[in-house]
Amino acid sequence: IDKSNPLYFENKEEELRKLYPGLDENQYQPGGIDLKLGNIKNFKNKETVYGIVNGMKQLPEQADIKESAVKMGATKLEVGFMLEPHTPYIAVVQGKIKIPLNILQLYFPRSSLLRAGVDVRTAVGDPGFHGHLSFLIINHNDTPFFIKKGERFAQMVCMRLDGDTNGYDGDYNE
């Protein structure tokens, strides 16, 4: 075992429980922490041109989508979010997160979503970030996909850095 590897933790699950206490028991996994869906947003103002030029950001506004009821299985009625085919949304993780100054995080979709043709696109979780995590989620199917608030949809993997950093100082800290 290479203990100098940044993915190495003496007892990963135990250390993750110390870093992020109070989660639901099923969120702690041997390799990381499952993240739960808090909300889904869509993009507004689709007629406007957006971009990043010379460090200036012009990004689309986002609006919460409403939960709807869907019949799942023979008789069970569920309330959640309907993801339309081939449409990008923003998935907001339930609760806020605070990333320690010596930890870098990577995020991945849960395999059950990938097996259903739904992708979760993420960025790096920088040391020192605090706030709500938001990811891009896209239903690549020709039919709608339904997901409930509170479902585990992504997994967070932590990597230890050698020493503390100055920390994230970007636009998205809360």
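Residues are numbered from 1 along each chain as its sequence is written, and side-chain values use heavy atoms, with hydrogens and water left out. Because the model is predicted, local features need pLDDT of at least 70 and side-chain atom pairs count only at pLDDT 80 or more, whereas totals for chains, interfaces and linings use all residues.

Grid points are joined across faces, edges and corners, and a volume is the space filled by probe spheres set on the points. The largest pocket holds about 750 Å³ of space and is lined by 23 residues, among which His132, Leu133, Ser134, Phe135 and Tyr172 lie nearest its centre. With strands taken as DSSP runs (E, at least two residues) numbered from the N terminus, β1 (33-43), β7 (88-93) and β12 (134-139) each supply at least two residues of this lining, and β12 gives the most, with 3 residues. The lining of the largest pocket comprises 14 nonpolar, 5 polar and 4 charged residues, where Ala, Val, Leu, Ile, Met, Phe, Trp, Tyr, Cys and Pro count as nonpolar, Asp, Glu, Lys and Arg as charged, and the others, Gly among them, as polar.

The second largest pocket contains about 260 Å³ of space, and of the 16 residues that line it, Leu23, Gln27, Leu35, Gln94 and Lys96 are the closest to its centre. Two or more residues of this lining come from each of β1 and β8 (97-98), with β1 giving the most, 4 residues.

In soluble globular proteins, nonpolar side chains tend to be buried together. A nonpolar core is here a set of buried Ala, Val, Leu, Ile, Met, Phe, Trp, Tyr and Cys residues joined through side-chain atoms within 4.5 Å, buried meaning under 20% relative accessible area, exposed over 50% and partly exposed in between (1.4 Å probe, protein chains only). In the largest such core, which has 30 residues, Ile40, Phe135, Ile137 and Phe153 touch the most other members.

Rings of Phe, Tyr and Trp (its six-membered ring) pair if their centres lie within 6.5 Å, and planes under 30 degrees apart count as stacked, over 60 as edge-to-face and the rest as tilted; by this rule there are 3 aromatic pairs. Phe129 and Tyr168 form an edge-to-face pair, 5.6 Å centre to centre with 65° between the planes, and Phe129 is buried, at 7% relative accessibility. The rings of Phe135 and Phe153 have their centres 6.2 Å apart and their planes at 50°, so this pair is tilted; Phe135 lies in strand β12 and Phe153 in strand β14, 18 residues apart. Both Phe135 and Phe153 are buried, and ring pairs link Tyr107, Phe135 and Phe153 into a cluster.

Most residues other than glycine have a negative phi. His86, in the loop between β6 (76-83) and β7, has a phi near 55° and is partly exposed at 49% relative accessibility.

Definitions and conventions:
On a 1 Å grid over the protein atoms alone, a cavity is a set of points where a 1.4 Å probe fits but cannot get out, and a pocket is an open set with protein on both sides within 12 Å along at least five of seven lines; lining residues have an atom within 4 Å of a point.
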